[in-house]
Amino acid sequence: RSFQGPASVRMEQKVVAVIVLFLTLSLGFCSSHTYVLDDKAGLGRVFDGIGGLSGGGVSSACFYLLPEPYRSQILDYLFKPNFGASLHILKVEIGGDAQTTDGTEPSHMHYENDENYFRGYEWWLMKEAKKRNPNITLIGLPWAFPGWVGHGKNWPYDFPDITAAYVVNWILGAKQFHDLDIQYVGIWNERNYDSKYIKVLRNMLDKVGLTGVGIIAADGDWSIANSMIVDPYLNESVEVIGAHYPGTNTVMEALKTQKKLWSSEDYSTFNDEVGGGCWARILNQNYVNGNMTATISWNLVASYYEELPFGRDGLMTAEEPWSGNYVVESPIWITAHTTQFTQPGWTYLQTVGHLAQGGSYVALTDGKGNLTVVIETMTHDHSVCIRPPLPPFNVTFQNATFQLKGSFASIKELQVWRSQFNFKTKKPSFFEKLTPLKLLDGTFTLNLAEDELYTLTTITKGQKGSYPDPPPSARFPKVYKDDFNVGNPPFSEAPNFADQTGVFEYYINLTDPGPHVFTLRQVVTERPITWVSDADQTISVIGDYQWQNLMVTCDVFMESVKTGGVFIAARVDKGGQSVRSAKGVFFWVFADGTYKVTNDLAGQTVLAEGQSGTQAYGWHTLSLTVKGQYASGQLNGYPLWKNAVVLTPKNGWAAIGTHSYELAQFDNFAVVAE
């Protein structure tokens with residue numbers, strides 16, 4: 001550009017330009033920092049692994065229903081070493097017959113004199129994980145308990161011997177019937193931990209030979225550390241202090257115990273790219289900030305109806321067993337940055353920390369010369385987790401030089417894996433293998449942009465596994481029926497039904513020589529112990545949440561004389577923790593010979609009612625038709641009521657259920673939706 005004006009002005013402009021250039025270069029140089037990775041002064045804490053949690057009701061319920069080969073492909077992405085997430089840990093819910101976030105999981109002991117170690121899908125899931133990774137760590141945690149454990153109270157610890165025996169039986173059953181060794185068991189702590197129960201559980205585990213099973217307490221916050229400091233027996237009973245959603249921070253009291261510290265439940269964030277950024281940040285910073293040596297994602301795989309609470313809050317998504325579709329989301333590859341190049345038993349270096357311009361780095365070694373370094377530069381807005389609130393921070397472009405010292409000084413080459421979120425272009429690149437990096441005098445430099453993740457490692461076995469694309473996504477079939485005629489079901493639950501309160505299981509009715517030998521039965525007869533505000537009724541939902549106009553038909557059989565009641569429903573608008581306030585169109589019949597049509601599960605808003613002639617221990621066929629703002633119902637093929645006005649909700653699931661926690665059977669369920 002040519003300058004106009006006197007020579008002095010032109011000279012002044014040139015000086016300003018030189019100063020600007022100098023400042024720009026200076027700022028660039030200031031963003032370059034050197035970080036030493038050294039084991040000379042000793043090492044940090046032992047790494048215990050990265051894991052996923054199958055629990056919270058139906059979080060994996062759709063997953064096991066997927067047809068092959070897609071089901072096995074998902075299992076490979078989750079558990080197969082050097083393929084996908086390559087998880088080190090699998091934590092599962094010990095089912096308690098109760099709503100625990102998105103649904104209910106069946107207990108191994110519905111009643112005090114009942115034991116069955118083949119209910120639910122968690123046994124199958126643990127075996128499949130173990131099949132792929134024999135070294136995987138298995139953890140059980142009861143999120144709720146059958147009502148009999150509390151002897152009528154919504155609290156499981158007034159009778160600690162009973163509760164401990166219930167949990168120990170599950171661990172013993174895992175070994176006896178499935179050859180599964182459970183390494184840890186968690187303590188239910190949604191309201192408060194109970195020190196006496198923890199000691200009783202430790203003592204009972206030891207008495208039956210389960211000395212190697214560690215207790216994680218209190219699977220909530222860090223508060224148990226205060227009690228452990230002043231109670232030596234409690235401190236001795238607990239192997240791991242586990243916190244939920246700790247925000248990457250621990251407390252001084254937990255550190256004083258010198259116990260392992262874990263984020264025993266974390267993430268729970270929608271699995272888009274921001275969710276992947278959340279996971280990338282906390283996997284590093286849980287150790288950098290909080291000395292936590294394991295992080296476990298809730299949930300393992302988002303495999304439940306997306307409109308239930310916390311839809312798609314999993315490492316990957318597999319919510320359509322009817323189509324076979326699944327999606328390998330970004331958290332799978334974020335996990336791989338750590339899991340494919342470390343193993344439980346490796347040790348963190350003491351030289352870990354934050355980058356000068358934002359982000360963090362960790363380094364781990366196997367003690368045999370191998371080194372893995374994981375670096376993340378996630379910005380605030382692109383790494384927000386669902387909880388807790390994330391304080392503001394800044395991340396900017398920077399040059400980072402790493403100097404290897406101690407036993408690592410002789411390393412000449414590192415393998416490089418990179419993920420770039422590329423939020424501006426919306427063209428992310430995950431877990432990309434780059435050209436190996438040659439080190440000069442144990443030194444390497446990286447140009448780190450915002451929202452990147454790097455792994456530099458001596459391990460050469462990494463792989464970005466892949467399969468052909470699964471089938472395309474599809475809506476739930478508009479015409480659906482199930483007669484439950486499964487003589488030897490692989491799982492105790494019927495496909496596609498998501499139990500929200502109560503447990504609906506396959507049942508062989510040997511007293512019925514007619515067409516209803518194989519049925520679906522609601523088996524929970526006492527309100528379970530749970531932290532969720534669950535419903536007073538039992539309910540299982542099914543179908544497409546967008547359904548508006550549909551006909552639901554089902555045969556029903558009440559087993560409670562006079563007091564029994566069952567329903568079929570359409571347009572059910574809520575589930576999970578909100579199921580108590582669910583609305584829809586509910587068609588009830590009762591064993592006292594009456595019927596009722598309500599606009600809500602609680603039965604408070606009555607649209608129609610009258611005499612039905614229904615009774616217990618007899619089969620009845622119910623049919624509910626909802627179209628526009630009108631609903632009609634049939635009993636045994638004859639109109640019972642019609643043109644009830646339904647203004648809201650406009651759409652929702654179909655459902656079946658009972659008036660209370662009572663035995664009842666269902667058969668020949670069918671839906672026809674427009």
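**Notes on the predicted model**

1. The lining of the largest cavity is made up of 14 nonpolar, 3 polar and 3 charged residues, where Ala, Val, Leu, Ile, Met, Phe, Trp, Tyr, Cys and Pro count as nonpolar, Asp, Glu, Lys and Arg as charged, and the others, Gly among them, as polar. The model is predicted, so that local features need pLDDT of at least 70 and side-chain atom pairs count only at pLDDT 80 or more, whereas totals for chains, interfaces and linings use all residues. Residues are numbered from 1 along each chain as its sequence is written, and side-chain values use heavy atoms, with hydrogens and water left out.

2. The largest cavity holds about 170 Å³ of space, and of its 20 lining residues V58, A61, F497, A498 and D499 are the closest to its centre. A cavity is here a set of points on a 1 Å grid over the protein atoms alone where a 1.4 Å probe fits but cannot get out, and lining residues have an atom within 4 Å of a point. Volumes are the space filled by probe spheres set on the points, with grid points joined across faces, edges and corners. By this rule the model has 4 cavities of 30 Å³ or more.

3. Which domains contribute at least three residues each to the lining of the largest cavity? Both domain 1 (47–345) and domain 2 (479–673) do; the bounds come from an automatic or database domain assignment. The C-alpha centres of domain 1 and domain 2 lie 32 Å apart, and 42 residues of domain 1 are in contact with 33 residues of domain 2, contact meaning heavy atoms within 4.5 Å.

4. The second largest cavity has a volume of about 110 Å³. Its lining numbers 15 residues, with G95, P106, R119, W123 and W170 nearest its centre, and by class it comprises 6 nonpolar, 5 polar and 4 charged residues.

5. The largest pocket has a volume of about 320 Å³, a pocket being an open set of points with protein on both sides within 12 Å along at least five of seven lines. Among its 24 lining residues, T248, R281, Q285, L390 and F393 lie nearest its centre, and the classes come to 10 nonpolar, 10 polar and 4 charged. Helix α9 (residues 273–288) supplies the largest share of this lining, with 4 residues. Helices (H or I, at least four residues) and strands (E, at least two) are DSSP runs numbered from the N terminus.

6. A barrel is closed by 8 strands in the order β3-β4-β5-β6-β7-β8-β9-β10, with parallel pairing, two strands counting as paired if DSSP finds at least two bridges between them. Neighbouring strands of this sheet are turned by 25 degrees against each other on average, direction ignored. Helix α9 packs on the sheet, where it touches β3 (49–54), β9 and β10 (294–298), and its direction makes about 175 degrees with that of β9. Axes are lines fitted to C-alpha atoms, for helices over the stretch in contact, and angles run from 0 to 180 degrees between N-to-C directions.

7. In a 3-stranded open sheet of mixed pairing the order is β1-β17-β20, with β1 (32–37) and β20 (443–448) as the edge strands, each pairing on one side only. Strand β17 (residues 398–404) runs antiparallel to β20 and is joined to it by 6 bridges; A400 stands opposite L446 in β20.

8. Strand β32 (residues 619–627) pairs in the antiparallel sense with β27 (residues 550–558) over 8 bridges, and also with β33 (residues 630–635) over 6 bridges. L550 stands opposite V626 in β32, while the bridge partner of L622 is L635 in β33. The hairpin of β32 and β33 leaves 2 residues between the strands, and G628 in the turn has a positive phi of about 60 degrees.

9. The peptide bond between W298 and N299 is cis, with omega about 5 degrees, and N299 sits in the loop between β10 and β11 (317–320). A cis bond also runs from T648 to P649, with omega near -10 degrees, and P649 belongs to the loop between β34 (638–645) and β35 (653–658). H151 is not a glycine, yet has a positive phi of about 50 degrees; H151 lies in the loop between β5 (137–142) and α4 (160–178).
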